[in-house]
Amino acid sequence: GAQTVAYLRNFNFEIVFLGVAGITEEGLFDYSFEDAEIKKTLVAQARTRILLADNSKIGTSSAVRVMGFEHIDILITDRPLSDEMAAVLSANDTEVVVAV
């Protein structure tokens with residue numbers, strides 16, 4: 001909650017690795033407002049932001065929109081993306097790494 005967000009603002013991170021509940025062309029989604037606020041804070045405090053998401057998360061949304069792709073530097077996933085999703089990430093300068 002708010003105490004965690006306040007605590008995290010005391011730090012600067014070289015790299016942050018994030019997971020989310022879902023990813024659509026509209027951005028990143030998670031299960032709760034509190035989780036979303038913590039992830040927004042981590043992203044704001046990090047130099048490099050890496051999103052880890054297997055294929056089951058792509059095309060899935062959830063209750064709370066966390067942010068758009070403009071805040072993510074790299075997406076690491078396990079399968080190639082659809083042309084539409086790849087275009088959205090490219091337009092936001094988000095590198096895609098497919099790890100098999």
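Predicted model: local features only at pLDDT ≥ 70, side-chain atom pairs only at ≥ 80, totals over all residues.
Start with the aromatic rings. A pair of aromatic rings is described by the distance of the centres and the angle of the planes. A search of the whole structure turns up 2 aromatic pairs. In one, the ring centres of Tyr-7 and Phe-11 lie 5.1 Å apart, with the planes at 65°. Planes over 60 degrees apart count as edge-to-face, so the Tyr-7 and Phe-11 pair is edge-to-face. In the other, Phe-11 meets Phe-13, with centres 6.2 Å apart and planes at 25°. Planes under 30 degrees apart count as stacked, so the pair of Phe-11 and Phe-13 is stacked. Phe-11 takes part in both contacts.

Phe-11 has 33% relative accessibility, so it counts as partly exposed. Phe-13, at 27%, also counts as partly exposed.

Now turn to charge. Side chains of opposite charge can pair when their charged atoms come close. The model has 4 salt bridges. One of them joins the side chains of Glu-14 and Arg-47, at 3.8 Å from N to O. This pair links distant parts of the chain, 33 residues apart: Glu-14 sits in strand β1 (residues 13-18), and Arg-47 in strand β4 (residues 46-52). Glu-14 is partly exposed at 48% relative accessibility. Arg-47 is exposed at 61%.

Strand β4 also holds Arg-49. The side chain of Arg-49 meets that of Asp-73 in a salt bridge, 2.8 Å from N to O. Here too the pair links distant parts of the chain, 24 residues apart, with Asp-73 in the loop between β5 (64-67) and β6 (74-77). Arg-49 has a relative accessible area of 15%, so it is buried. Asp-73 is partly exposed at 24% relative accessibility.

A further salt bridge pairs Asp-30 with Lys-39, and their closest N and O atoms are 2.2 Å apart.

Finally, look at the surface. Glu-25, Glu-26, Asp-83 and Glu-84 form a negative patch there. Asp-83 lies in helix α3 (residues 83-91). Asp-83 counts as exposed, because its relative accessibility is 66%.

Conventions
Residues numbered from 1 in each chain as written. Heavy atoms only, no water. Phe/Tyr/Trp six-rings, centres within 6.5 Å; stacked < 30°, edge-to-face > 60°. Buried < 20%, exposed > 50% of the residue type's maximum accessible area, 1.4 Å probe, protein only. Patch = residues over 30% accessible without salt bridge, like charges linked within 9 Å, V, L, I, M, F, W, Y side chains within 5 Å. Areas by Shrake-Rupley, 256 points an atom, 1.4 Å probe, with all protein chains shown as cover. Lys, Arg positive; Asp, Glu negative; His and termini not counted. Charge placed at Lys NZ, Arg CZ, Asp CG, Glu CD. Helix = DSSP H or I, 4+ residues; strand = E, 2+ residues; numbered from the N terminus.
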